[in-house]
Amino acid sequence: MKIGILALQGSYLDHQRYFNQLGVETVLIKEPYQLKDIDGLVLPGGESTTMRRLIDRYHFMDDLKEICETKPVFGTCAGMILLAKEVVDNPTHIGVLDVKVKRNAFGRQVDSFEEKILVDEIGEVEGVYIRAPYIEKVGETVKVLGIHRDVIVAVRQGNVLATSFHPEITDDTKIGKYFINMVDNTINKA
Ligand code: GLN
(Lines give C-alpha, C1' and ligand atoms only; values in the text may rest on other atoms or scores of the structure.)
Protein backbone atom coordinates (compact mmCIF):
# COMPACT_ATOMS: atom_id res chain seq x y z
CA MET A 1 0.00 0.00 0.00
CA LYS A 2 1.24 3.44 -0.88
CA ILE A 3 -0.38 6.60 0.48
CA GLY A 4 0.27 9.86 -1.33
CA ILE A 5 0.38 13.12 0.60
CA LEU A 6 -0.19 16.30 -1.36
CA ALA A 7 2.99 18.24 -0.62
CA LEU A 8 2.44 21.68 -2.11
CA GLN A 9 2.01 23.53 1.18
CA GLY A 10 1.01 22.86 4.79
CA SER A 11 1.48 20.01 7.25
CA TYR A 12 2.47 17.30 4.78
CA LEU A 13 5.60 16.29 6.72
CA ASP A 14 3.51 15.70 9.85
CA HIS A 15 1.24 13.44 7.84
CA GLN A 16 4.22 11.58 6.49
CA ARG A 17 5.58 10.97 9.98
CA TYR A 18 2.08 10.01 11.19
CA PHE A 19 1.52 7.38 8.48
CA ASN A 20 5.10 6.13 8.45
CA GLN A 21 4.88 5.33 12.16
CA LEU A 22 1.89 3.13 11.26
CA GLY A 23 4.14 1.18 8.91
CA VAL A 24 2.69 2.51 5.65
CA GLU A 25 4.75 3.58 2.66
CA THR A 26 4.11 7.23 1.85
CA VAL A 27 5.04 9.43 -1.06
CA LEU A 28 5.09 13.22 -1.07
CA ILE A 29 3.15 14.35 -4.12
CA LYS A 30 4.84 17.29 -5.79
CA GLU A 31 3.84 16.61 -9.39
CA PRO A 32 0.53 15.43 -10.88
CA TYR A 33 1.97 12.28 -12.51
CA GLN A 34 2.76 10.90 -9.04
CA LEU A 35 -0.98 10.55 -8.37
CA LYS A 36 -1.14 7.64 -10.82
CA ASP A 37 0.83 5.36 -8.56
CA ILE A 38 -0.88 5.63 -5.15
CA ASP A 39 -3.65 3.72 -3.36
CA GLY A 40 -4.96 6.62 -1.28
CA LEU A 41 -4.39 10.34 -0.92
CA VAL A 42 -4.06 12.72 2.03
CA LEU A 43 -4.81 16.42 1.64
CA PRO A 44 -3.10 18.08 4.61
CA GLY A 45 -3.90 21.15 6.63
CA GLY A 46 -2.34 24.46 5.74
CA GLU A 47 -3.81 27.35 3.86
CA SER A 48 -6.45 26.35 1.34
CA THR A 49 -6.14 29.53 -0.73
CA THR A 50 -2.38 29.04 -1.13
CA MET A 51 -2.82 25.36 -1.91
CA ARG A 52 -5.40 26.23 -4.56
CA ARG A 53 -3.01 28.64 -6.22
CA LEU A 54 -0.33 25.97 -6.34
CA ILE A 55 -2.81 23.34 -7.56
CA ASP A 56 -3.61 25.62 -10.49
CA ARG A 57 -0.01 26.66 -11.11
CA TYR A 58 1.17 23.04 -11.34
CA HIS A 59 -1.96 21.82 -13.23
CA PHE A 60 -3.12 19.39 -10.56
CA MET A 61 -6.88 19.91 -10.67
CA ASP A 62 -8.02 17.31 -13.24
CA ASP A 63 -5.91 14.52 -11.76
CA LEU A 64 -6.90 15.50 -8.22
CA LYS A 65 -10.59 15.38 -9.13
CA GLU A 66 -10.17 11.99 -10.69
CA ILE A 67 -8.36 10.47 -7.73
CA CYS A 68 -10.81 12.00 -5.24
CA GLU A 69 -13.64 10.34 -7.13
CA THR A 70 -12.02 6.93 -7.29
CA LYS A 71 -9.60 6.30 -4.40
CA PRO A 72 -9.77 6.80 -0.63
CA VAL A 73 -8.99 10.40 0.28
CA PHE A 74 -8.47 11.95 3.70
CA GLY A 75 -8.64 15.74 4.07
CA THR A 76 -7.72 17.51 7.30
CA CYS A 77 -8.61 21.14 7.92
CA ALA A 78 -7.55 23.00 4.74
CA GLY A 79 -7.76 19.58 3.05
CA MET A 80 -11.42 19.38 4.05
CA ILE A 81 -11.98 22.84 2.55
CA LEU A 82 -10.38 21.71 -0.71
CA LEU A 83 -12.73 18.71 -0.87
CA ALA A 84 -16.00 20.54 -0.08
CA LYS A 85 -18.64 21.19 -2.73
CA GLU A 86 -19.42 24.52 -1.11
CA VAL A 87 -17.23 26.94 0.87
CA VAL A 88 -18.95 29.90 2.56
CA ASP A 89 -17.92 33.18 0.85
CA ASN A 90 -15.15 31.39 -1.06
CA PRO A 91 -14.82 29.51 -4.34
CA THR A 92 -15.18 25.74 -4.50
CA HIS A 93 -11.95 23.83 -5.12
CA ILE A 94 -12.01 20.08 -5.84
CA GLY A 95 -15.71 19.89 -4.93
CA VAL A 96 -16.25 16.17 -4.38
CA LEU A 97 -17.55 16.13 -0.79
CA ASP A 98 -21.19 17.10 -0.45
CA VAL A 99 -20.82 19.54 2.44
CA LYS A 100 -20.87 23.27 3.02
CA VAL A 101 -17.85 24.38 5.07
CA LYS A 102 -17.05 27.62 6.79
CA ARG A 103 -13.39 28.59 6.95
CA ASN A 104 -11.69 29.81 10.14
CA ALA A 105 -15.00 29.10 11.82
CA PHE A 106 -13.70 28.56 15.36
CA GLY A 107 -11.87 31.90 15.41
CA ARG A 108 -8.35 33.12 14.76
CA GLN A 109 -4.95 31.48 15.23
CA VAL A 110 -4.93 32.52 18.90
CA ASP A 111 -8.18 30.60 19.37
CA SER A 112 -6.50 27.30 18.43
CA PHE A 113 -7.21 24.48 20.85
CA GLU A 114 -6.79 20.77 21.52
CA GLU A 115 -9.73 18.73 22.75
CA LYS A 116 -10.87 15.16 22.80
CA ILE A 117 -13.75 14.24 20.55
CA LEU A 118 -15.81 11.11 20.17
CA VAL A 119 -15.77 10.02 16.53
CA ASP A 120 -18.33 7.50 15.34
CA GLU A 121 -16.81 4.19 14.10
CA ILE A 122 -13.41 5.29 15.50
CA GLY A 123 -13.72 6.17 19.18
CA GLU A 124 -12.37 9.01 21.28
CA VAL A 125 -9.57 10.90 19.54
CA GLU A 126 -7.36 13.84 20.33
CA GLY A 127 -8.14 16.75 18.01
CA VAL A 128 -6.05 19.85 17.40
CA TYR A 129 -7.92 22.74 15.83
CA ILE A 130 -5.87 25.50 14.16
CA ARG A 131 -8.00 28.17 12.50
CA ALA A 132 -10.22 25.23 11.75
CA PRO A 133 -13.25 25.10 9.50
CA TYR A 134 -16.50 23.43 10.48
CA ILE A 135 -19.28 21.96 8.42
CA GLU A 136 -22.54 23.88 8.27
CA LYS A 137 -24.53 21.51 6.11
CA VAL A 138 -24.19 17.97 4.78
CA GLY A 139 -25.81 16.22 1.82
CA GLU A 140 -27.94 13.10 2.19
CA THR A 141 -25.17 10.60 1.51
CA VAL A 142 -22.69 12.14 3.93
CA LYS A 143 -22.25 10.38 7.24
CA VAL A 144 -21.56 12.67 10.17
CA LEU A 145 -18.83 11.02 12.26
CA GLY A 146 -18.10 13.73 14.79
CA ILE A 147 -19.75 16.73 16.40
CA HIS A 148 -17.83 19.06 18.65
CA ARG A 149 -19.01 22.23 20.37
CA ASP A 150 -22.35 21.61 18.60
CA VAL A 151 -20.90 21.71 15.06
CA ILE A 152 -19.89 19.00 12.59
CA VAL A 153 -16.14 18.38 12.51
CA ALA A 154 -15.75 14.89 11.00
CA VAL A 155 -17.56 13.27 8.08
CA ARG A 156 -17.34 10.43 5.61
CA GLN A 157 -18.93 10.14 2.21
CA GLY A 158 -17.98 6.87 0.56
CA ASN A 159 -14.26 7.02 -0.21
CA VAL A 160 -13.82 10.51 1.26
CA LEU A 161 -12.95 11.12 4.92
CA ALA A 162 -12.57 14.65 6.28
CA THR A 163 -11.88 16.23 9.65
CA SER A 164 -11.75 19.86 10.79
CA PHE A 165 -8.96 18.98 13.18
CA HIS A 166 -5.42 17.66 12.80
CA PRO A 167 -4.85 14.12 14.10
CA GLU A 168 -1.40 14.05 12.47
CA ILE A 169 0.16 16.35 15.05
CA THR A 170 -0.98 14.21 17.98
CA ASP A 171 0.14 10.75 19.10
CA ASP A 172 -3.37 9.45 18.59
CA THR A 173 -3.23 7.08 15.65
CA LYS A 174 -6.86 5.93 15.56
CA ILE A 175 -7.94 8.07 12.62
CA GLY A 176 -4.83 7.11 10.65
CA LYS A 177 -5.60 3.43 11.22
CA TYR A 178 -9.20 3.99 10.14
CA PHE A 179 -8.02 5.60 6.90
CA ILE A 180 -5.50 2.82 6.27
CA ASN A 181 -8.38 0.40 6.65
CA MET A 182 -10.38 2.33 4.03
CA VAL A 183 -7.42 2.05 1.65
CA ASP A 184 -6.96 -1.65 2.43
CA ASN A 185 -10.61 -2.36 1.66
CA THR A 186 -10.42 -0.72 -1.76
CA ILE A 187 -7.22 -2.57 -2.63
CA ASN A 188 -8.82 -5.87 -1.64
CA LYS A 189 -11.95 -5.11 -3.68
CA ALA A 190 -9.95 -4.32 -6.82
N1 GLN B 1 -7.83 28.36 7.78
C2 GLN B 1 -7.16 27.52 6.88
C3 GLN B 1 -7.76 27.60 5.49
O4 GLN B 1 -8.76 28.22 5.31
C5 GLN B 1 -7.15 26.10 7.37
C6 GLN B 1 -6.31 26.00 8.60
C7 GLN B 1 -5.61 24.68 8.76
O8 GLN B 1 -5.51 23.88 7.82
N9 GLN B 1 -5.04 24.48 9.91
O10 GLN B 1 -7.21 27.05 4.60
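Which residue forms a salt bridge with Arg-149, and how far apart are the closest N and O atoms?

1. The structure is a predicted model. Residue numbers start from 1 along the chain.

2. The partner of Arg-149 is Glu-115, and the closest N and O atoms of this salt bridge are 2.7 Å apart. Arg-149 counts as partly exposed because its relative accessibility is 46%, which falls between the limits of 20% and 50%. Glu-115 is also partly exposed, with a relative accessible area of 25%.

3. Arg-149 has a further contact, this one with an aromatic ring. Its charged end sits over the ring of Phe-113, at 3.8 Å from the ring centre. Phe-113 is itself a member of an aromatic cluster, together with Phe-106, Tyr-129, Tyr-134 and Phe-165.

4. The ring centres of Tyr-129 and Phe-165 are 5.5 Å apart and the planes meet at 50°, so the pair is classed as tilted. This pair, too, links distant parts of the chain: Tyr-129 is in strand β8 (residues 123-129) and Phe-165 is in the loop between β12 (160-163) and α5 (174-189), 36 residues apart. Tyr-129 and Phe-165 are both buried.

5. Across the whole structure, 8 aromatic pairs are found. One of them is Tyr-18 with Phe-19, where the ring centres lie 5.4 Å apart; the planes are at 90°, so this pair is edge-to-face. Tyr-18 has a relative accessible area of 0% and is therefore buried. Phe-19 is likewise buried, at 0% relative accessibility.

6. The count of salt bridges for the whole structure is 11. Among them is the bridge between Asp-56 and Arg-52, with 3.1 Å between the closest N and O atoms. Both residues lie in helix α2 (residues 48-57), and their spacing of 4 residues is about one turn of the helix. Asp-56 is partly exposed at 38% relative accessible area, and Arg-52 is partly exposed at 21%.

7. Asp-172 is placed in the loop between β12 and α5. Lys-174 forms a salt bridge with Asp-172, and the closest N and O atoms are 3.3 Å apart. The two partners fall into separate accessibility classes: Asp-172 is buried, with a relative accessible area of 15%, whereas Lys-174 is partly exposed at 36%. The side chain of Asp-172 also reaches the backbone nitrogen of Glu-126, at 3.0 Å.

8. A backbone N or O atom of Ser-48 is 2.5 Å from an oxygen atom of the ligand. On the nitrogen side, a polar backbone atom of Ile-130 lies 2.9 Å from a ligand nitrogen, and a backbone N or O atom of Arg-131 lies 3.1 Å from a ligand nitrogen. The ligand has 300 Å² of accessible area on its own, of which the protein covers 96%.

Methods
This is a predicted model: local features need pLDDT of at least 70, side-chain atom pairs count only at pLDDT 80 or more; totals for chains, interfaces and linings use all residues. Side-chain values use heavy atoms; hydrogens and water are left out. Rings of Phe, Tyr and Trp (its six-membered ring) pair if their centres lie within 6.5 Å; planes under 30 degrees apart count as stacked, over 60 as edge-to-face and the rest as tilted. Buried means under 20% relative accessible area, exposed over 50%, partly exposed in between (1.4 Å probe, protein chains only). Helices (H or I, at least four residues) and strands (E, at least two) are DSSP runs, numbered from the N terminus. A charge sits over a ring if NZ of Lys or CZ of Arg is within 6 Å of the ring centre and within 35 degrees of the ring normal. A polar contact is a pair of N or O atoms within 3.5 Å; within protein, one must be able to donate a hydrogen and the other to accept it, and residues adjacent in sequence count only if both atoms are side-chain atoms. Accessible areas come from the Shrake-Rupley method with a 1.4 Å probe; for residues, only the protein chains shown count as cover. A salt bridge is a side-chain nitrogen of Lys or Arg within 4 Å of a carboxyl oxygen of Asp or Glu.
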